[in-house]
Amino acid sequence: MTNSPTPSQRIDARIAELGDWRGATLKRLRALIHEAVPDVVEEWKWRGVPVWSRDGILCTGETYKAVVKMTFARGAALPDPARLFNASLEGRARRAIDVREGEAVDEEALKALIRAAAAVNAEAKG
């Protein structure tokens, strides 16, 4: 039996292997997710995508060359008064936040969005 890494260890490794602004951004977003929903579950899905869940998927943390994309599974159902969502706006369910190098994210608004995602999942679960 092999000791395969936990999802959290895989996310740690992804952050380390990026070694640039994308890793630092993913690390900060991850910390904000944990601040907003302390009992969040970290998962590793779809051959290498960090996923944060509670009663279902809250959001993912994908890294691309030009952006770190935070996709909310039920983003279309979430209030976004700070207008953080800036990608995948045409979908019926998902919404995303693309963070580019040097961009700051309104951390309090993001934590409110993450808490809202957890509340929507809990309500859907019943």
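Two strands pair if DSSP finds at least two bridges between them. Helices (H or I, at least four residues) and strands (E, at least two) are DSSP runs, numbered from the N terminus. This is a predicted model, in which local features need pLDDT of at least 70, side-chain atom pairs count only at pLDDT 80 or more, and totals for chains, interfaces and linings use all residues. Residues are numbered from 1 along each chain as its sequence is written, and side-chain values use heavy atoms, with hydrogens and water left out.

**The hairpin**

Strands β1 (residues 41-45) and β2 (residues 49-53) run antiparallel. Five bridges join them. E43 has V51 in β2 as its bridge partner. Three residues sit between the strands of this hairpin, and W46 there takes a positive phi near 50°. K45 lies over the face of W46, at 5.9 Å from the ring centre. A charge sits over a ring if NZ of Lys or CZ of Arg is within 6 Å of the ring centre and within 35 degrees of the ring normal.

**R14**

R14 belongs to helix α1 (residues 7-18). Its relative accessible area is 17%, so R14 is buried. Buried means under 20% relative accessible area, exposed over 50%, partly exposed in between (1.4 Å probe, protein chains only). Contact means heavy atoms within 4.5 Å. Not counting residues up to four places away in sequence, R14 touches L26, W44, G48, P50 and T63.

**The aromatic pair**

Rings of Phe, Tyr and Trp (its six-membered ring) pair if their centres lie within 6.5 Å; planes under 30 degrees apart count as stacked, over 60 as edge-to-face and the rest as tilted. The count by this rule is one aromatic pair. F72 and F85 form it, edge-to-face, with 5.5 Å centre to centre and 80° between the planes. F72 lies in strand β4 (residues 67-72) and F85 in the loop between β4 and β5 (95-100), so the pair ties together parts 13 residues apart in sequence.

| Residue | Relative accessibility |
|---|---|
| R14 | 17% |
| F72 | 0% |
| F85 | 10% |

**The nonpolar core**

A nonpolar core is a set of buried Ala, Val, Leu, Ile, Met, Phe, Trp, Tyr and Cys residues joined through side-chain atoms within 4.5 Å. The largest one has 28 residues. Those with the most contacts inside it are L58, M70, F72, I97, L110 and I114. Two or more residues each come from α1, α2 (21-36), β3 (57-63), β4, β5 and α3 (107-125). Helix α3 gives the largest share, seven residues. Leaving aside neighbours within four places in sequence, I114 is in contact with L32, I33, A36, V37, L58, M70 and F72.
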